[in-house]
Amino acid sequence: MGISEPRDLDALRDGLTQWVRSWRPEAGDVHLAPLVQPATGLSSETIFVEVEWTPGPGRDVSGEHASWVVRLPPNGEGLFPSYDLAMQGKLQAVLAHAGVAAVEPLAVEDDDTWVGAPFLVMSRVAGKVVRADKPYLRSGWLAESTPEGQGRLHQEMIDQLALIHRLDWESLGCRTILAARTGPGGAGRWLADELEHWARYLAWAGGGTGPAVFDQGVEWCRAHLPSPEPPPSLLWGDVQLGNVLVGDDMGVSAVLDFEMASIGPAEIDLAWFVVLHQMAVDRCGGDLPGFPGRGATIAAYEERLGRRVTDLRWYEAFAALRSGAILVRAASLLARLGVDDSWLTHENPTIELLAGLISS
């Protein structure tokens, strides 16, 4: 379910057609098939594009057919105050060149006059998507896969996550790419800066009307900030099964969605993955037989990262706090669209989880 006003796909198609003519000046005739907007998450918008072009008169080049994914910010207000697609594009290119299964963009268009917003253009990668808005642990292609296949997917998720965290993000230029998101940072300050970033987000998202436990969570996290903090890593930001493409062999064919990327202790990403998956387990009434469970997941990750993780309770509380703040924002946007948001305002799964973590 989207949380922004629907786009005029015909107008979007016309704008993209004109953009292709500008991007490929050698093209003569450009044709885009009717656009397809798949069911995706609650944040940025994804459009599938099939495009064909033929060379113009006197052009000694061949025509082309391409399958693209176009990523745009929400049409109107979204989950986040701003959407830095240029940052995401640069980061995806860096990760792809570093061996991560990220998709390097074909183009990053900052000019919003073509379609009314900036956008990324990427080659479409084959793979299935886990619909995180569905009870995917009970039904669907993942639940119906063999335990061996499920185990392979889980292992590759952990492999990709640890690979991102082991990268030399300084030499790869990630400090510059993420400067607008992370600020100057510095030894012993990444975690505190990240906490304050999300405290500001919570104040913006809830407008002072969110459940009190989230403000209490901010204060608890400030009072119990891990010290010394672990070494900083490049953070994926939104580590979950719904943000990878899965091949027929159950391997990860693409790692997606870096709009929440930042710099900080790797435990931030690990706890996010563990907490979001545990909430899915609680919702579905059990885990998949091929998934190893919390303890084995953490042990496997530590082995691939090359160090022990620390203070995981704090990071899980921080994950619950951030997830809850995002759900508060989602509820606000859905209410404006006239959609029943009671499943977020009254049944927000992070409320009980966060309350338990900061009181025990």
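Colleague: What volume does the second largest pocket have?
Modeller: Keep in mind that we're looking at a predicted model here. In this model, the second largest pocket comes out with a volume of about 410 Å³.

Colleague: Okay, and which residues of its lining lie nearest the centre of that second largest pocket?
Modeller: The lining is made up of 18 residues. Nearest the centre of the pocket you'll find Phe80, Ser82, Arg181, His197 and Glu259.

Colleague: Which helix gives the most to the lining of the second largest pocket?
Modeller: Three elements each supply at least two residues of that lining: α2 (85-97), α6 (179-182) and α7 (190-206). The one that gives the most, with five residues, is α7.

Colleague: Let's move on to Gly338. Is it buried or exposed?
Modeller: Gly338 sits in the loop between α11 (312-336) and α12 (342-345). Its relative accessibility is 66%. Over 50% is the cut-off, so Gly338 counts as exposed.

Colleague: How far apart in space are Gly338 and Ser227?
Modeller: Along the sequence, 111 residues separate the two. In space, going from C-alpha to C-alpha, Gly338 and Ser227 are apart by 45 Å.

Colleague: Which element of the chain has the lowest mean pLDDT?
Modeller: For the chain, the mean pLDDT is 90, and 91% of its residues reach 70 or more. Among its elements, helix α4 (residues 147-166) has the highest mean, 98. The lowest mean, 58, belongs to α12.

Note on methods: Residues are numbered from 1 along each chain as its sequence is written. This is a predicted model: local features need pLDDT of at least 70, side-chain atom pairs count only at pLDDT 80 or more; totals for chains, interfaces and linings use all residues. Side-chain values use heavy atoms; hydrogens and water are left out. On a 1 Å grid over the protein atoms alone, a cavity is a set of points where a 1.4 Å probe fits but cannot get out, and a pocket is an open set with protein on both sides within 12 Å along at least five of seven lines; lining residues have an atom within 4 Å of a point. Grid points are joined across faces, edges and corners, and a volume is the space filled by probe spheres set on the points. Helices (H or I, at least four residues) and strands (E, at least two) are DSSP runs, numbered from the N terminus. Buried means under 20% relative accessible area, exposed over 50%, partly exposed in between (1.4 Å probe, protein chains only). pLDDT is the predictor's confidence in each residue, from 0 to 100.
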